[in-house]
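The model consulted is a predicted one.

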Amino acid sequence: VSLDETVDSMFEELDRLGSDRILEELCPYFGVVWPAAQALTEWMAQFGSGGFAGRQVLELGCGLALPSFLASRFGAKVTAADLHPDVPKFLKNNLAQNAGIEICFQPWDWRDSTRVPTQWDWILASDVLYEKEYPEALVKFLERHLAIGGRAVISDPQRPYAERFENLLSASSLQAYKVERPVLGSKQNCVLFIVERV
Ligand SMILES: C[S@@+](CC[C@H](N)C(=O)[O-])C[C@H]1O[C@@H](n2cnc3c(N)ncnc32)[C@H](O)[C@@H]1O
């Protein structure tokens, strides 16, 4: 059984049971670089450093934060956020092994963004649409926190709630389109939602 199938079936079961328990605090989903993070980072590499240099970048649900590492390498001012309490320990360790990369960590939860202070030129996130309430929370977050002229890229391995996210985006004040990308070593293509606030 693949990791993706396990995550999907676990959340479908949670949904069926009607449980409102949030498992993030228990499950170390951050412990691998997910294919969606790879797809997002490859997209960024093709986009190039020009659009990132000197810009304020926020990565939500960063986990091991691969896209944040590239954004910093591109010269962006990067904040990586995740609610799992172990994420900053791994980030610190990974930063110690990557000289020249600077990433500020924040324990932000995208469901409650009252503590998130500014508007962002870029908001990045990968594999964050796996729970029923997340599409709505993330669209709200983007509407509130994406700067005018800013861009968000949300990468997803086509989990069940990705379609809900797409529908909510269409009904929002944001402009969005999607691209599909194969990921090396993964059977499933990822979809990237490119979201702009004009
Ligand atoms: C499937 S993992 C993806 C990690 C990383 N983005 C990647 O693609 O490799 C989902 C991540 O989102 C984080 N997360 C889940 N719910 C969150 C929330 N409401 N606010 C912030 N982070 C959250 C989890 O702790 C986990 O690190």
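I began with the placement of α6, which lies across β5, β6 and β7 and runs at about 20° to β7.

Next I asked which residues of α6 are buried. In this helix, residues 162–170, I found A162, F165 and L169 buried. Seen down the axis of α6, these buried residues fall within an arc of 55°, so they line one face of the helix. I noted the general rule behind this reading: an α-helix has 3.6 residues a turn, so residues three or four places apart point the same way.

I then turned to the other side of α6, where E163 and S170 are exposed.

I also looked up what the buried residues of α6 pack against: the partners are α5 (134–145), β5 (146–156), β6 (175–181) and β7 (190–196).

For the sheet, I asked in what order the strands stand. I recorded an open sheet of seven strands with mixed pairing, in the order β3-β2-β1-β4-β5-β7-β6. At its edges stand β3 (103–106) and β6, each with a single partner strand, so one side of each is left without a neighbour in the sheet. Direction ignored, neighbouring strands of this sheet are turned by 20° against each other on average.

Strand β1 (residues 56–60) pairs with strand β2 (residues 77–81) in the parallel sense, over four bridges. Within this pairing I located L58, which stands opposite T79 in β2.

Notes: Residues numbered from 1 in each chain as written. Predicted model: local features only at pLDDT ≥ 70, side-chain atom pairs only at ≥ 80, totals over all residues. Heavy atoms only, no water. Buried < 20%, exposed > 50% of the residue type's maximum accessible area, 1.4 Å probe, protein only. Helix = DSSP H or I, 4+ residues; strand = E, 2+ residues; numbered from the N terminus. Arc of directions from axis to C-beta. Contact = heavy atoms within 4.5 Å. Pairing = 2+ DSSP bridges. Axes fitted to C-alpha atoms, helices over the stretch in contact; angles between N-to-C directions.
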